[in-house]
Amino acid sequence: MERELVCPVCGKVFRSRWGAQRFCSAGCRRYSYRKNGISHEESAGGTESIRTFYCARCGKKVDVTDIRDRRTRFCCSHCERMYWKHPRKDKKKTDQNQA
Ligand SMILES: [Zn+2]
Ligand SMILES: [Zn+2]
């Protein structure tokens, strides 16, 4: 059963062929998610955590709870910097001295 919906991104009226569809096209859907800084497709559906991941550098578990929080791989900018500086090299823990 089709319903007529208005795309919240471009305002176009379109027919939804499946209940969960909110946008007229994948492009509008991506645009909306990018604008909000979150991806519903990746979220597990919890109310508190938008997404959870483990820092690619230190392995710390990170719960992202703020929509504006763009982190997806690292717990902090320090980890991100260190990761790209020293990719895949597990030296001693020298990062604490370089803060
Ligand atoms: Zn649209
Ligand atoms: Zn980290």
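Guide: Cys24 has its place in the loop between β2 and α1. Please bear in mind throughout that the model is predicted.

Visitor: Which residues are the protein donors of the zinc ion (ligand 1)?

Guide: To read a metal site, one begins with the atoms that hold the ion. For the zinc ion (ligand 1), these are the SG atoms of Cys7, Cys10, Cys24 and Cys28, lying 2.3 Å from the ion. Along the chain, the donors follow the spacing C-x2-C-x13-C-x3-C. The site links distant parts of the chain: Cys7 belongs to the loop between β1 (3-6) and β2 (13-16), whereas Cys28 belongs to helix α1 (residues 26-36), 21 residues apart.

Visitor: Why is the arrangement around the zinc ion (ligand 1) called tetrahedral?

Guide: The general idea is a comparison with ideal geometry. Four tetrahedral donors ideally make angles of 109.5 degrees at the metal. Four donors count as tetrahedral if all angles lie between 85 and 135 degrees. Around the zinc ion (ligand 1), the four donor atoms subtend angles of 105 to 115 degrees, and the arrangement is therefore tetrahedral.

Visitor: Are Cys7 and Cys28 buried or exposed?

Guide: Burial is read from relative accessible area, and buried means under 20%. Cys7 has a value of 2%, so it is buried. Cys28, at 11%, is buried as well.

Visitor: Which residues coordinate the zinc ion (ligand 2)?

Guide: The zinc ion (ligand 2) is coordinated at 2.3 Å by the SG atoms of Cys55, Cys58, Cys75 and Cys79. The spacing of these donors along the chain is C-x2-C-x16-C-x3-C. The angles among the four donor atoms run from 103 to 118 degrees, and the site is tetrahedral.

Visitor: In which sense do β1 and β2 pair?

Guide: Strand pairing is read from bridges between residues. β1 and β2 are antiparallel, with four bridges. Arg3 stands opposite Ser16 of β2, and Glu4 has Arg15 of β2 as its bridge partner. The hairpin has six residues between the strands, and Gly11 takes a positive phi near 80 degrees there. The faces of a strand can also be told apart: in β2, Phe14 and Ser16 form a covered face, while Val13 and Arg15 form an uncovered one.

Visitor: What does the side chain of Gln21 approach?

Guide: A polar side chain may be read through the atoms it meets. A polar atom of the Gln21 side chain lies 2.9 Å from the backbone oxygen of Phe23. Gln21 is in the loop between β2 and α1 and, with a relative accessible area of 11%, is buried. Beyond neighbours within four places in sequence, Gln21 is in contact with Leu5, Phe14, Arg15 and Ser16.

Visitor: Where is Arg51 placed, and which backbone oxygen does its side chain reach?

Guide: Arg51 is in strand β3 (residues 51-54), and its side chain reaches the backbone oxygen of Arg71 at 2.7 Å. With 13% relative accessibility, Arg51 counts as buried. Arg51 and Thr65 are 14 residues apart in sequence, and their C-alpha atoms are 7.3 Å apart in space.

Visitor: What share of the residues of the protein counts as buried?

Guide: Totals complete the picture. Of the 99 residues, 24% count as buried. The protein exposes about 8100 Å², of which carbon and sulfur atoms supply 47%. Among contacts with a separation of 6 or more, 10% are between residues 24 or more positions apart.

Technical notes. Residues are numbered from 1 along each chain as its sequence is written. Chains are lettered from A and ligands numbered from 1 in the order in which they are written. This is a predicted model: local features need pLDDT of at least 70, side-chain atom pairs count only at pLDDT 80 or more; totals for chains, interfaces and linings use all residues. Side-chain values use heavy atoms; hydrogens and water are left out. Donors are N, O and S atoms within 2.8 Å of the metal (3.2 Å for Na, K and Ca); water is not among the atoms, so sites may look incomplete. Four donors count as tetrahedral if all angles lie between 85 and 135 degrees; four count as square planar and six as octahedral if opposite donors are over 155 degrees apart and all others between 65 and 115; anything else is irregular. Helices (H or I, at least four residues) and strands (E, at least two) are DSSP runs, numbered from the N terminus. Buried means under 20% relative accessible area, exposed over 50%, partly exposed in between (1.4 Å probe, protein chains only). A polar contact is a pair of N or O atoms within 3.5 Å; within protein, one must be able to donate a hydrogen and the other to accept it, and residues adjacent in sequence count only if both atoms are side-chain atoms. Contact means heavy atoms within 4.5 Å. Accessible areas come from the Shrake-Rupley method with a 1.4 Å probe; for residues, only the protein chains shown count as cover. Two strands pair if DSSP finds at least two bridges between them.
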